[in-house]
Amino acid sequence: KWGRWGNMDDGEQLDYTNESERLENANVEKATGKSMMDEDEDEGEVVVKETSWLGGMMKNLNKKINVSGQAVLEESDVKPILETLKDKLISKNVAEEVAQKIVNTVESNMVGKKLTSFTRVTTAVTKAVESALTQILSPGRNINILQEVEASRREGEPYSIVFIGCNGVGKSTNLAKVAFWLMQHGMKVMIAACDTFRSGAVEQLRTHTQRLGVELFERGYEKDPAAVAKEALKKAKESRCDVLLIDTAGRMQDNEPLMRALSKLINMNNPNLTLFVGEALVGNEAVDQLTKFNNRLIELSSQDQPHKIDGIVLTKFDTIDNKVGAALSMVYISGAPVIFVGCGQQYSDLRRLNVKQIVSVLLS
């Protein structure tokens, strides 16, 4: 836990220094290890076992294979599979609209195919599902942060990323994970404490920056977050930082004053990237949060082309078992890709979203 100092022994003198001074003088354990963002997670082909629900249904299709070893799939053949597939997707937190899109894509890829064996049938279905998920999870803008940072660096400008989201979803922790990853690619990082609302927010970031060895820009509490971010951008440029990561206060999507403050911060500072941080654990509630955040940013924008949410950070992904569907729904509804997946408590516990792993879970 942040700021845990233990019990005071008898006779020990009271320490009247403030929290900031204590943290600066503390022996903070430095961050170590290597970010999992750069690990190769391609685990080969998705294998569907005969004991799975899909494998069991495929056995019926084997009866259609004729003497020559071929069968042409008809709509009536795949309909039972598609109905079951849709139910399975919904049971794993995929929104119904998204589940139907996947089913439609699979159907168009399956009907009329000539298949020769159980393996060919299951491979065709898994490939069709994988293709549908890849389309959903790869929308619109192709974001390559490292390339974009390099482009900003050549122009002599810091690349700024704002992290937004509801209370308690892990914005600060995952911001620190992103900083850790960027540093391993030789980037000079500064972190801006623009959560001037929650008590302890600045101290939490200070602990992160001490462990990471990066500079923290802060102006304390009860300040205008938009003005703090503007100052931080100026300081980051003066310090020749490559990236400025901007932390913001957690807020519920229906909190009008805080949503207006967030919109002001984004409109005033025009960040390169706005990332929505959401818990994978809460399922489709995160979809509602993301949708309302996006809509309010558009409605409150003073620009001709409103700055919407650019990407998604999914936190606590290691705690959701097989309920992976919220990720699909969030991307489909917002058009913003999942950039980072938080999967643990260490700075190294940050990954890319692996489509093959999701396909395996959905078809298991």
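First, some conventions. The model is a predicted one, in which local features need pLDDT of at least 70 and side-chain atom pairs count only at pLDDT 80 or more, while totals for chains, interfaces and linings use all residues. Residues are numbered from 1 along each chain as its sequence is written, and side-chain values use heavy atoms, with hydrogens and water left out.

Let me begin with the whole chain. The protein chain contains 13 helices and ten strands. Here helices (H or I, at least four residues) and strands (E, at least two) are DSSP runs, numbered from the N terminus. The chain has 364 residues, and 52% of them count as buried. Buried means under 20% relative accessible area, exposed means over 50%, and partly exposed lies in between, with a 1.4 Å probe and protein chains only.

The protein chain exposes about 17,800 Å², of which carbon and sulfur atoms supply 46%. Such areas come from the Shrake-Rupley method with a 1.4 Å probe; for residues, only the protein chains shown count as cover. As for contacts in the protein chain with a separation of 6 or more, 77% of them join residues 24 or more positions apart. A contact means heavy atoms within 4.5 Å.

I turn now to helix pairs. Two packed helices are described by the angle between their axes and by the distance between the axes. The axes are lines fitted to C-alpha atoms, for helices over the stretch in contact, and the angles run from 0 to 180 degrees between N-to-C directions.

How do the axes of helix 3 and helix 4 cross? Helix 3 covers residues 75–91 and helix 4 covers residues 96–110; their axes come within 9 Å and cross at roughly 155°. The two helices are therefore roughly antiparallel to each other, a term for angles over 145 degrees, whereas under 35 is roughly parallel, 65 to 115 is roughly perpendicular and the rest is oblique. The crossing of helix 3 and helix 4 is right-handed. A crossing is right-handed if the near helix is turned clockwise from the far one by less than a right angle, and left-handed if anticlockwise.

On the side of helix 3, the contact residues include Val-78, Leu-82 and Leu-85; on the side of helix 4, they include Ala-99, Ile-102 and Val-106. By class, this contact of helix 3 with helix 4 has ten nonpolar, one polar and four charged residues. Ala, Val, Leu, Ile, Met, Phe, Trp, Tyr, Cys and Pro count as nonpolar, Asp, Glu, Lys and Arg as charged, and the others, Gly among them, as polar.

The second pair is helix 10 (residues 256–269) and helix 11 (residues 284–300), which pack at an angle of about 65° with their axes 9 Å apart. This crossing is also right-handed. Helix 10 brings Glu-256, Met-259, Arg-260, Leu-262, Ser-263, Ile-266 and Asn-267 to the contact, where they meet Phe-293, Arg-296, Leu-297 and Leu-300 of helix 11. These residues divide into six nonpolar, two polar and three charged.

Is Ser-263 buried or exposed? Ser-263, in helix 10, counts as buried because its relative accessibility is 3%. Beyond residues up to four places away in sequence, Ser-263 touches Leu-297, Leu-300 and Ser-301.

Ala-128 belongs to helix 5 (residues 118–137) and is buried, at 3% relative accessibility. Leaving aside neighbours within four places in sequence, Ala-128 is in contact with Thr-105, Val-106 and Asn-109. The C-alpha atoms of Ala-128 and Asn-109 are separated by 6.1 Å, although these residues are 19 apart along the chain.

Ser-172 lies in helix 7 (residues 171–183) and is buried, with a relative accessible area of 7%. Among the residues that Ser-172 touches, not counting those up to four places away, are Arg-198, His-208 and Asp-247.

I close with two loop residues. Arg-240 sits between helix 9 (225–238) and strand 6 (243–248) and counts as exposed, at 73% relative accessibility. Its phi is near 55°, a positive value in a residue other than glycine. Asn-270, in the loop between helix 10 and strand 7 (273–279), is partly exposed at 48%, and its phi, near 45°, is likewise positive.
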